[in-house]
Amino acid sequence: MKIAIYDNAEQVAEQAADIICQKINGKPNAVLGLATGRTPLNTYQQLINRYKQASVDFSQVSSFNLDEYLGVKPNSENSYRFYMNENLFKHLNIKLENTAVPSADEDNTMQTCHQYEQQIKQCGGIDIQLLGLGSNGHIGFNEPSSSFASRTRVVALASSTLSDNSDLLTSQEQTIDKAISMGIATILESKEIVIIALGKAKAQAVAAAIEGALSASCPASCLQMHANVTWLLDQESSSLLTQKHYYQLSQQLLA
Ligand code: F6R
C-alpha cells in the first residue's frame, strides 16, 4: 500500500484529483468508482476546476457509485444520486446516462444488485475506485462483520453510521436504516483504489485498517490484500499510525 500523508485536506484533494485526472488522460473512457459523503467534496471541486480549465475531459468516462440508501427516490435530496448530480456530474461533461448509482425500492433489490454487478463487468471493470472511510472502518456501506467475499447487496446501516450521517439527512424522509452497497469483493476487483481519510474522527479506523490484522471487524483492512491501493491522509487521520515516520520517508523516496 502507498500511504501518503499531507498537511491538510486541500492538499489531499489535489493529490486525489491528480491521480483521477491522470487516469482519465491516459484512458479517456476510464470507468470510475465514486463515493459520497463529506470526504470527497474537495476532490470533486478540484475535478470540476480541472474540467473548467480544460485539463480533463469526461465525455467518454463512465462511473459507478458505491452505494445508495434503500427506498430513497433518486430525486430526493437525501439520495446519493442527488448528491452526485449536484456536487459533481452537473458541472462536468460526463453523460448522465453513463453514471450509475444502485437505486432500488424494497421489492426489487435482488435484481438491482445482480444487474449492478453485471453492468460493472460489461464496462470492463472499475479502473479507479475512490473510497472514503467510515469512523467504524466501513468502506462503501460494508459495515463491521461484512464478509471479504461480499458482493453488491442490501445492508443494514450500523447505528454509528446513522449518527455520523444524521446531519447530512433532511428530516422529511421515511426512516433510513438500510442501503444497497457494492460488496467488499466487488470493491477489491477495482484495478486501482484511492482511499481518503480526513480528521481525528477517522484516526482509529485508519490505524486499524493499515496496521491492524485483516478482520471483518474493520472492513477497510481488506485493502491490505489489494495490489494497487493509495491511502491519502491528513495529519489528524494519520495521528495514530505507529509507523508514520516510515510512511513519510517512503513517500519522499518514491516521489
Ligand atoms: C459513501 C460511502 C461511505 C463514506 C464514509 C465516510 O458513498 O460509501 O463509506 O465514504 O461513510 O463518510 P464521510 O466522508 O462523510 O466521513
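Which strand holds serine 62? I found serine 62 in strand β3, residues 62-65.

**Ground rules.** I'm working from a predicted model, where local features need pLDDT of at least 70, side-chain atom pairs count only at pLDDT 80 or more, and totals for chains, interfaces and linings use all residues. Residues are numbered from 1 along each chain as its sequence is written, and side-chain values use heavy atoms, leaving out hydrogens and water.

**Serine 62.** I looked up its burial: serine 62 is buried, at a relative accessible area of 12%. Buried here is under 20% relative accessible area, exposed is over 50%, and partly exposed lies in between (1.4 Å probe, protein chains only). Leaving aside residues up to four places away in sequence, serine 62 touches Ala30, Val31, Leu32, Asn98 and Cys123. A contact is heavy atoms within 4.5 Å.

**Whole protein.** I noted eight helices and 10 strands. These are DSSP runs numbered from the N terminus: helices are H or I with at least four residues, strands are E with at least two. The radius of gyration is 17 Å, close to the 18 Å that the globule rule gives for 255 residues, so the protein is as compact as a globular protein of that length. That radius is taken over C-alpha atoms, and the rule is 2.2 Å times the number of residues to the power 0.38. The C-alpha trace spans about 50 × 40 × 35 Å along its principal axes. Of the 255 residues, 53% are buried. Among contacts with a separation of 6 or more, 80% join residues 24 or more positions apart.

**α1 on α2.** Next I checked the helix pairs. Two packed helices are described by the angle between their axes and the distance between the axes. Helix α1 (residues 9-26) and helix α2 (residues 41-52) have axes that come within 8 Å and cross at roughly 55°. That makes α1 oblique to α2. For the angle classes, under 35 degrees is roughly parallel, over 145 roughly antiparallel, 65 to 115 roughly perpendicular, and the rest oblique. Axes are lines fitted to C-alpha atoms, for helices over the stretch in contact, with angles from 0 to 180 degrees between N-to-C directions. On the α1 side, I listed Ala9, Glu10, Ala13, Glu14, Ala16, Ala17, Asp18, Ile20 and Cys21; on the α2 side, Asn42, Thr43, Gln46, Leu47 and Arg50. By class, that contact has seven nonpolar, three polar and four charged residues. Nonpolar covers Ala, Val, Leu, Ile, Met, Phe, Trp, Tyr, Cys and Pro; charged covers Asp, Glu, Lys and Arg; the others, Gly among them, are polar.

**α2 on α3.** α2 packs with helix α3 (residues 80-87) at about 40°, axes 10 Å apart. The two are therefore oblique to each other. Leu41, Tyr44 and Ile48 of α2 meet Tyr83, Met84 and Asn87 of α3. I count this contact by class as five nonpolar, one polar and no charged residues.

**Loop residues.** Is glycine 140 buried or exposed? Glycine 140 is buried, with a relative accessible area of 9%, in the loop between β6 (128-131) and β7 (153-156). Glycine 140 touches Leu66, Asp67, Ser181 and Ile187, not counting residues up to four places away in sequence. Serine 145 is also in the β6 to β7 loop, but counts as exposed at 64% relative accessibility. Serine 145 has a positive phi of about 95° although it is not a glycine. Alanine 54, in the loop between α2 and β3, has a positive phi near 60°. I have alanine 54 down as exposed, at 68% relative accessible area.
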